[in-house]
Amino acid sequence: MTTPVISMEGITKTFPGVRALSGVSFDVRAGEVQALVGENGAGKSTLIKILSGVYQADTGEVRLNGEAVHFAHPVESLRAGISVIYQEFSLLPERTVAQNLFLGREPRTRFGLIDGARMRAETREVLALFAAAGRIDPDRIVGDLDVATQQVVEIAKAVSTNARVVVMDEPTAALNEAECEELFATVDTLRDRGVAVIYITHRMREIARLADRVTVLKDGEIAARFDEVPAPDAIVRAMVGRDIADFYAPPATAEEIGEPVLTVRGAGNEILRDINLDVRAGEIVGLAGIQGAGRVALAMALFGQTPFERGDVTLAGATVSFQSPREAIMGGIGLLPGDRKSEGLVLMQSVRDNGMLTSRAFATLWSSDRRNSLTDTGRMNGLLDQMEIRAASYEQEIRALSGGNQQKAIVARWLSMRPKLLIFIEPTRGIDVNSKAGIYHLMRDLAREGAAILMISSDLPEVIGAADRVLVMQTGRIVAEFPHGASEQDIMHAATAENEVAA
């Protein structure tokens with residue numbers, strides 16, 4: 001067996017009052033992808049920060065190619081060939097792709113000036129390794145690129161420094177399906193080049209697709225090691241102590257489903273065509289489809305962001321035609337955005353203030369009694385309690401909470417508005433496995449209390465497991481419907497097959 005590129009032995013790290021890691025040993029070899037998984041707070045980030053020189057271990061040893069090393073600063077780790085790619089990129093948005101790749105080590109002419117032509121040429125050579133190379137201009141300003149392309153630039157930057165170890169922390173959190181496939185191809189390229197990849201994720205399908213080995217952390221200790229990738233159930237049991245089957249609450253019974261809350265007939269706009277849709281009280285309807293099929297466009301049309309231009313929409317028995325999100329909110333629709341940090345939260349404000357953002361904004365539009373109810377902090381505290389949010393206090397800044405608790409705070413915000421229809425877009429993106437289960441059970445509890453829920457997710461097993469019915473979209477149309485528990489194969493066939501639908 002080859003010597004690991006990185007070997008961490010007996011790593012212990014304690015913060016005031018908390019032991020983050022206890023005797024953890026971990027290694028990764030050249031040309032392999034090792035998945036590092038665990039719930040939020042399991043110790044993954046602490047372990048990586050010790051590897052990258054952000055933290056220093058209390059006890060234990062780090063070895064690089066068999067030799068003991070000590071990184072007192074991230075620069076030392078980077079110079080040793082260890083590159084960490086966090087969810088928040090380290091790129092400078094106002095500079096070009098080439099300038100970012102060679103930041104601080106720009107090639108020079110014999111007169112000491114930056115050799116721009118050589119820098120661009122070498123950037124093209126590095127980018128040529130990746131599938132996305134054709135769309136990346138070395139002179140393009142990084143801030144003008146989409147998230148997926150910025151991620152390729154971040155990885156290319158690591159390759160350009162001859163990184164021997166690349167750590168990726170939840171790299172697909174903000175990517176769509178097509179972009180995920182490009183990322184997977186990039187990881188394959190790194191493996192083929194002999195780079196050791198540590199891949200941190202909560203997504204089981206990514207582990208199955210990419211990993212050679214799996215290490216599971218739980219409560220700062222190694223819970224399991226797998227030299228071959230096992231079935232997802234084995235990983236989940238090691239992480240949280242229960243089976244995948246326990247993640248999803250049982251589907252609604254016929255008795256629990258009521259009358260239609262939302263009815264859409266013949267609706268469309270520039271993207272959507274002939275939409276016919278019902279969502280009943282007490283049920284969760286999932287929307288499936290490949291990227292660009294129109295799922296989010298349908299949500300935005302219902303929410304008044306890009307309104308329907310034709311057709312009929314009825315909400316709770318009343319005909320509606322929302323021309324803005326403000327009208328949709330007043331009419332009784334709540335929407336959880338796909339990117340909670342940039343679209344759903346004010347990170348520097350408290351948990352309670354985030355929960356009351358919408359109610360305070362709309363309070364002046366209601367009667368005195370309703371206004372007092374909407375701005376009642378005691379009522380919001382009760383809703384936050386109902387969501388079982390884990391926080392030191394509701395005065396705590398919401399940025400300090402886990403992704404699952406942040407998502408629950410947004411749900412509490414909408415519950416304060418007493419919505420008739422809730423739209424969830426990517427409800428569990430970027431949160432750990434156990435928190436996902438909490439969101440699924442929360443959605444089911446809301447449905448059992450009479451809520452009508454429309455759920456959009458790029459995670460097909462999530463749609464199948466959480467929804468009572470699954471509607472499949474393709475090119476702006478709803479082309480198929482499946483009951484709870486339908487197979488991934490059947491749904492993907494409907495999402496990708498050439499459907500004989502009149503244009």
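The side chains of Thr-201 and Glu-206 are joined by a polar contact of 3.1 Å, where a polar contact is a pair of N or O atoms within 3.5 Å, one of which, within protein, must be able to donate a hydrogen and the other to accept it, and where residues adjacent in sequence count only if both atoms are side-chain atoms. This is a predicted model, in which local features need pLDDT of at least 70 and side-chain atom pairs count only at pLDDT 80 or more, while totals for chains, interfaces and linings use all residues. Residues are numbered from 1 along each chain as its sequence is written, and side-chain values use heavy atoms, with hydrogens and water left out.

- Thr-201 sits in the loop between strand S8 (196–200) and helix H7 (204–210); helices (H or I, at least four residues) and strands (E, at least two) are DSSP runs, numbered from the N terminus.
- Thr-201 counts as buried because its relative accessible area is 0%, and buried means under 20% relative accessible area, exposed over 50% and partly exposed in between, with a 1.4 Å probe and protein chains only.
- The side chain of Thr-201 also reaches the backbone nitrogen of Arg-203, at 3.0 Å.
- When neighbours within four places in sequence are left aside, Thr-201 is in contact with Leu-36, Val-37, Glu-170, Glu-206 and Ile-207, contact meaning heavy atoms within 4.5 Å.

**The six-stranded sheet**

- Strand S3 (residues 33–37) runs parallel to strand S9 (residues 213–218) and is joined to it by four bridges, and Leu-36 has Thr-215 in S9 as its bridge partner.

**The four-stranded sheet**

- A further open sheet has four strands in the order S2-S1-S4-S5, and its pairing is antiparallel.
- Here strand S2 (18–28) and strand S5 (67–69) stand at the edges, and each has a single partner strand, so one side of each is left without a neighbour in the sheet.
- Strand S1 (residues 6–15) pairs with S2 in the antiparallel sense over seven bridges, and the bridge partner of Lys-13 in S2 is Leu-21.
- Helix H1 (residues 44–51) lies across S1, S2 and strand S4 (59–64), and runs at about 115 degrees to S1.

- Strand S18 (residues 452–456) is largely enclosed by the rest of the structure, because five of its five residues are buried.
- In a regular strand the side chains alternate between the two faces of the sheet.
- Both faces of S18 are covered, with Ala-452, Leu-454 and Ile-456 buried on one side and Ile-453 and Met-455 buried on the other.
- Strand S13 (residues 284–288) runs parallel to S18 and is joined to it by four bridges, with Val-285 standing opposite Leu-454.
- Strand S17 also runs parallel to S18, with five bridges between them, and Ile-425 has Ile-456 in S18 as its bridge partner.

- Thr-428 is placed in the loop between strand S17 (421–425) and helix H17 (433–448), and counts as buried because its relative accessibility is 5%.
- The side chains of Thr-428 and Glu-462 are joined by a polar contact of 2.3 Å.
- Arg-193 lies in the loop between helix H6 (177–192) and S8, and counts as partly exposed because its relative accessibility is 46%.
- Not counting residues up to four places away in sequence, Arg-193 touches Leu-129 and Val-159.

**The protein as a whole**

- The protein has 19 helices and 20 strands, and 54% of its 503 residues count as buried.
- Among contacts between residues at least 6 apart in sequence, 66% join residues at least 24 apart.

Key:
Two strands pair if DSSP finds at least two bridges between them. Axes are lines fitted to C-alpha atoms, for helices over the stretch in contact, and angles run from 0 to 180 degrees between N-to-C directions.
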